[in-house]
Amino acid sequence: MRSLRSSAFAVGIAILGGWSCGGGSSSPPTTPTPTAVTILITGQKGVLSFSPNPATAGGRMVVFRNTDTEAHRVRLNNLSVDWGLIAPGATSQPFLMPAEGSNYHCDLHPTMIGSVNPEAGGDPPRCEGVYCAP
């Protein structure tokens, strides 16, 4: 009985060893995840409230990092995306910015405005509505 257990154990070890050191991999190759563009929230400073502004991030992942001492709520001007309340020192969830660029603001402090350049380059889209610089 002991030799049967020993043999089964040896076969199991050989199989595991073959999987870990074997000649092929069944897992797909990994591709590196692009790093998100970080836009800093710097406080209530109009068009200087976000840095960089405009951000070269059209068609790229973006996160907002709050470096201010109070919470902010960033939203796209068309209200299609709301990052929610971003506490001091916190970073928002990543979001894929529209390739054509966009305009955004802080919902709690409407004078805090920012924009994103299009993926193809050039200026951000024309800002319309109440969340635009005079």
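Which residues form one aromatic cluster? They are Phe-50, Phe-64, Trp-83, Phe-95 and Tyr-104. Keep them in mind while we walk through this predicted model.

Start with the overall plan. The chain has one helix and nine strands. The chain has 134 residues, and 29% of them are buried. Take the contacts between residues at least 6 apart in sequence: 57% of these join residues at least 24 apart.

Now look at the sheet. Strands of a sheet pair through backbone hydrogen bonds, either parallel or antiparallel. Here five strands form an open sheet with mixed pairing, in the order S3-S9-S8-S5-S6. Strand S3 (55–56) and strand S6 (82–86) stand at the edges with a single partner strand each, so one side of each has no neighbour in the sheet. Strand S5 (residues 72–76) runs antiparallel to S6, and three bridges join the two. Arg-75 stands opposite Asp-82 in S6.

Return to the aromatic rings. The structure holds five aromatic pairs. In one of them, the ring centres of Phe-50 and Tyr-104 are 4.8 Å apart and the planes lie at 80 degrees, so the pair is edge-to-face. Phe-50 sits in strand S2 and Tyr-104 in strand S8, 54 residues apart, so to speak linking distant parts of the chain. Both residues are buried. Tyr-104 also pairs with Phe-64: their ring centres are 5.1 Å apart and their planes at 70 degrees, so this pair is edge-to-face. Phe-64 belongs to strand S4 (residues 61–66), 40 residues from Tyr-104. Phe-64 is buried too.

Methods. Residues numbered from 1 in each chain as written. Predicted model: local features only at pLDDT ≥ 70, side-chain atom pairs only at ≥ 80, totals over all residues. Heavy atoms only, no water. Helix = DSSP H or I, 4+ residues; strand = E, 2+ residues; numbered from the N terminus. Buried < 20%, exposed > 50% of the residue type's maximum accessible area, 1.4 Å probe, protein only. Contact = heavy atoms within 4.5 Å. Pairing = 2+ DSSP bridges. Phe/Tyr/Trp six-rings, centres within 6.5 Å; stacked < 30°, edge-to-face > 60°.
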